[in-house]
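Here's a quick report on how one chain is put together and how it meets its partner. Have a look at the structure first.

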Amino acid sequence: MTVAVNFLLWGVVVVLAVVAAMRGRVLLDDGVREGLSDFVKLLPRIVIGVIGAGFVAKAVPQSVVAPWLGPESGLLGVTIATAAGALTPGGPVVGFSIGAAALKSGAGAPQVIAYSTAWALYAIQRLLIWEVPLMPARVVWLRAAVSLPLPFIAAAVAMLAGQP
Amino acid sequence: MSEESPSRHRRAIDWSIAGIAALAVTAAAIVYWRDGRERFLDILGDDTLLLAEMLPKVAAGCLIAAFVTTLLPRETVARWIGHESGLAGLLIGAAFGVILPGGPFTIYPVAGALIVMGADAGAVVAFITSWTLLGYTRALVWELPFFGPHFVIWRIVEALPLPIVAGLLARVVIKAGLFGKSR
């Protein structure tokens, strides 16, 4: 699985690099430079996030997580997870590591889905730092408002469809 | 990310990641003290393997994002999801969200430009929602190593209708006059 994913991703990289090279050497150089510099900037975050998720999952006892976010926590658990998602700051590593840690330490799948959906859609810090400066504020608030029910819909579907 | 202003520059370390780092160190200390050295090393070994598995994917994801940003002109995207684009506009917006990789610094400027060029707000909402929930680089690079294929596929299948739901809701809200028609 992971080998196939690597092949797919690097296949896409090669195709894009060839297209860029055909349009001009500068485009190819720009793409490689920007891509690699992003990767280097992300490195410390990935290391901290991945190593951290493993330890946090083991350090937090299941008896703490389960009543609040476990499979039996139902709508309350989904609501807590959604609020936690909205309040989680940071880039991709942070939310996924917390979600993975929660799942490993006994949170229910629908609750984790609500968490990661809310965090992806309307993490407050991301709205303020990225979206508001780059887009008309009217559209940002419109999008955030219509997204409010989506984590609940995702969790409801997850509950109806059964565990993964 | 060549056109970023300095204030938007992504820093390697900021407060949120510093917080996670503090949490990680605390958790590691608890595990070491409570469960012993062997358990600690076990977890460290597992996490290092996971990390080694992720890094090539993350590198590929960064390169894909950078190439797509340099190659895809914003005008091409705008042509497809203008005003009066109807349900097709929502679907195309959602499809673009799946295809277009990159971080917030690439997606929000594109979305902002679309609105300025007259794209329909519902289609733009569908686009951003789909990029956040269904984007394939995000799923393959980040989610898969953390959660495993079973969970990720399951989550994505469930999220499939959500961009359209969000786009339709946005149109309803605009029609109701809650956010004003334009400006």
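How many helices and strands does chain A have? Chain A has nine helices and zero strands, where helices (H or I, at least four residues) and strands (E, at least two) are DSSP runs numbered from the N terminus.

## Ground rules

This is a predicted model, so to speak of local features takes pLDDT of at least 70 and side-chain atom pairs count only at pLDDT 80 or more, while totals for chains, interfaces and linings use all residues. Residues are numbered from 1 along each chain as its sequence is written, with chains lettered from A and ligands numbered from 1 in the order in which they are written.

## Chain A on its own

Read from the N terminus, the elements of chain A go α-α-α-α-α-α-α-α-α. Its C-alpha atoms fill a box of roughly 55 × 40 × 30 Å along the principal axes.

Of the 164 residues in chain A, 49% count as buried (20 or more other C-beta atoms within 10 Å of a residue's own, with C-beta atoms placed from the backbone).

## Where A meets B

The contact takes 71 residues from chain A and 73 residues from chain B; two residues are in contact if their C-beta atoms, placed from the backbone, lie within 7 Å. On the chain B side, H2(B) gives the largest share, 22 residues.

By class, that side of chain B has 54 nonpolar, nine polar and 10 charged residues. Here Ala, Val, Leu, Ile, Met, Phe, Trp, Tyr, Cys and Pro count as nonpolar, Asp, Glu, Lys and Arg as charged, and the others, Gly among them, as polar.

Definitions and conventions:
Buried ≥ 20, exposed ≤ 12 C-beta atoms within 10 Å, placed from the backbone.
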